[in-house]
Amino acid sequence: MEMPPRQHEPEIRIAVTNEVVPPPAAGQTPAPQARVVPYIEGSPGTFFSLALRFVQSLTAALALVAMVSANDFFTVPAFSFLVAATAIQSVWSLALALVDIDILITQCSLANEHWSTSLLIVGDTITGVMTFCAASVASGVVLYLQYDIQTCATEHCTQFETAVTRILISFTSLMPSIAVSWIRSCAGTTRRPTFRADRILLYSSPICFVVCGIALFIYADNASSDRIRVKAFSFTIFALIVQLAASVAELVGQLTSMYFGPETPVSDWPLLCMLVIIVEWLLAFGLMGFACASTGLLHFFVINDVFAASVNLRAIAFCALSIAAGTLAALAASVSTHLAILRWLRRRAQQQ
């Protein structure tokens with residue numbers, strides 16, 4: 001018996017446009033129309049986007065001024081990295097602010113240009129990761145100077161703390177811009193999430209659990225006299241323990257959701273889904289930030305020969321595994337966010 005040809009599920013595409021399509025004339029077949037995404041405040045060419053870019057550029061520039069005011073910042077590589085990151089962030093955000101001003105004046109739109117959205121996502125992500133890591137690395141050295149050896153009276157701790165605070169404000173104001181670009185990118189298609197995305201979300205939790213466990217074992221395996229006992233490492237240990245527990249909870253929740261048959265491991269309840277994603281991002285940022293702080297402080301120890309080589313090797317392995325665990329947590333949070341945005345867009349398309 002010959003089987004009928006399989007019909008593929010039509011692909012729903014959502015166009016980000018405000019164009020009004022006139023109704024078809026009598027006797028004509030209506031042409032398929034693209035679904036319309038609601039207007040998103042914060043897209044390029046809006047006043048909210050311009051305000052965000054202005055805050056990003058201004059706070060990064062003020063952080064750069066605070067760092068340069070300490071004339072010996074170049075003696076510590078972590079502070080030099082922070083200066084470079086603040087300069088790049090300030091220039092990037094200023095350039096995009098000028099683009100917003102040009103769009104507002106000329107009334108042109110970049111909403112339908114896929115390359116511009118992709119460029120914004122890539123550029124904002126690279127600059128955001130760089131500024132966050134630079135602030136975390138510098139904060140590790142500041143914590144060591146202020147709380148561990150208490151030499152802030154002879155150092156420029158006030159300028160360093162001010163610079164770290166301002167660049168973190170710049171990074172925080174960058175998050176809405178990335179979120180808006182992400183939603184606009186996902187609005188191009190609302191197909192069902194792929195098998196690969198689901199499996200990445202499922203496998204990242206046990207892998208993150210294993211990596212966190214190995215990092216904790218390496219730190220605990222050291223003799224008491226060989227451990228690096230500073231604030232940054234203590235915060236990293238705490239973040240690893242919390243991420244370890246969160247990985248177990250995420251794995252249980254994903255297996256339970258898959259057992260009861262939802263199409264993705266993301267919950268069907270919008271508020272619970274949003275809460276889970278926020279917690280995932282907070283844990284990922286916390287672990288990544290403390291791991292980068294420990295790494296920057298470890299580099300400071302290595303170049304100044306503070307500890308023995310064997311202690312440094314174990315500390316390097318510990319920091320590398322901590323960064324890997326933070327990266328896996330961020331990857332899981334990114335996939336969860338992507339699946340949640342696709343589900344939200346698909347539901348809005350079905351309601352129209």
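Colleague: When H7 passes H8, is the crossing left-handed or right-handed?

Modeller: We are looking at a predicted model, in which local features need pLDDT of at least 70, side-chain atom pairs count only at pLDDT 80 or more, and totals for chains, interfaces and linings use all residues. Residues are numbered from 1 along each chain as its sequence is written, and side-chain values use heavy atoms, leaving out hydrogens and water. Helices (H or I, at least four residues) and strands (E, at least two) are DSSP runs numbered from the N terminus, and a crossing is left-handed if the near helix is turned anticlockwise from the far one by less than a right angle, right-handed if clockwise. As H7 passes H8, the crossing is left-handed.

Colleague: How are H7 and H8 oriented to each other?

Modeller: Their axes (lines fitted to C-alpha atoms over the stretch in contact, with angles from 0 to 180 degrees between N-to-C directions) come within 8 Å and cross at roughly 155°. Angles under 35 degrees count as roughly parallel, over 145 as roughly antiparallel, 65 to 115 as roughly perpendicular and the rest as oblique. H7 and H8 are therefore roughly antiparallel.

Colleague: How does H1 lie against H4?

Modeller: Helix H1 covers residues 47-69, and its axis is 8 Å from that of H4, at an angle of about 165°. That makes H1, relative to H4, roughly antiparallel.

Colleague: And what is H4 to H8?

Modeller: Here the axes are 10 Å apart and the packing angle is about 55°. That makes H4, relative to H8, oblique. H4 passes H8 in a right-handed crossing, whereas H1 passes H4 in one that is left-handed. To return to the angle, the name for H4 against H8 is oblique.

Colleague: Which helix gives the most to the lining of the largest pocket?

Modeller: On a 1 Å grid over the protein atoms alone, a cavity is a set of points where a 1.4 Å probe fits but cannot get out, a pocket is an open set with protein on both sides within 12 Å along at least five of seven lines, and lining residues have an atom within 4 Å of a point. The 41 lining residues include Trp182 and Trp281, which are among those nearest the centre of the pocket. H3 (114-148), H4 (157-186), H7 (270-303) and H8 (309-351) each supply at least two residues. With 13 residues, the top contributor is H8.

Colleague: How many residues lining that largest pocket are charged?

Modeller: Ala, Val, Leu, Ile, Met, Phe, Trp, Tyr, Cys and Pro count as nonpolar, Asp, Glu, Lys and Arg as charged, and the others, Gly among them, as polar. The lining has 28 nonpolar and 9 polar residues, and the charged ones number 4.

Colleague: What is the volume of the largest cavity?

Modeller: There are 3 cavities of 30 Å³ or more. The largest cavity is lined by residues including Ser204, Gln243, Glu280 and Leu328, and H5 (195-221), H6 (231-260), H7 and H8 each supply at least two. Grid points are joined across faces, edges and corners, and a volume is the space filled by probe spheres set on the points. For the largest cavity, that volume is about 70 Å³.
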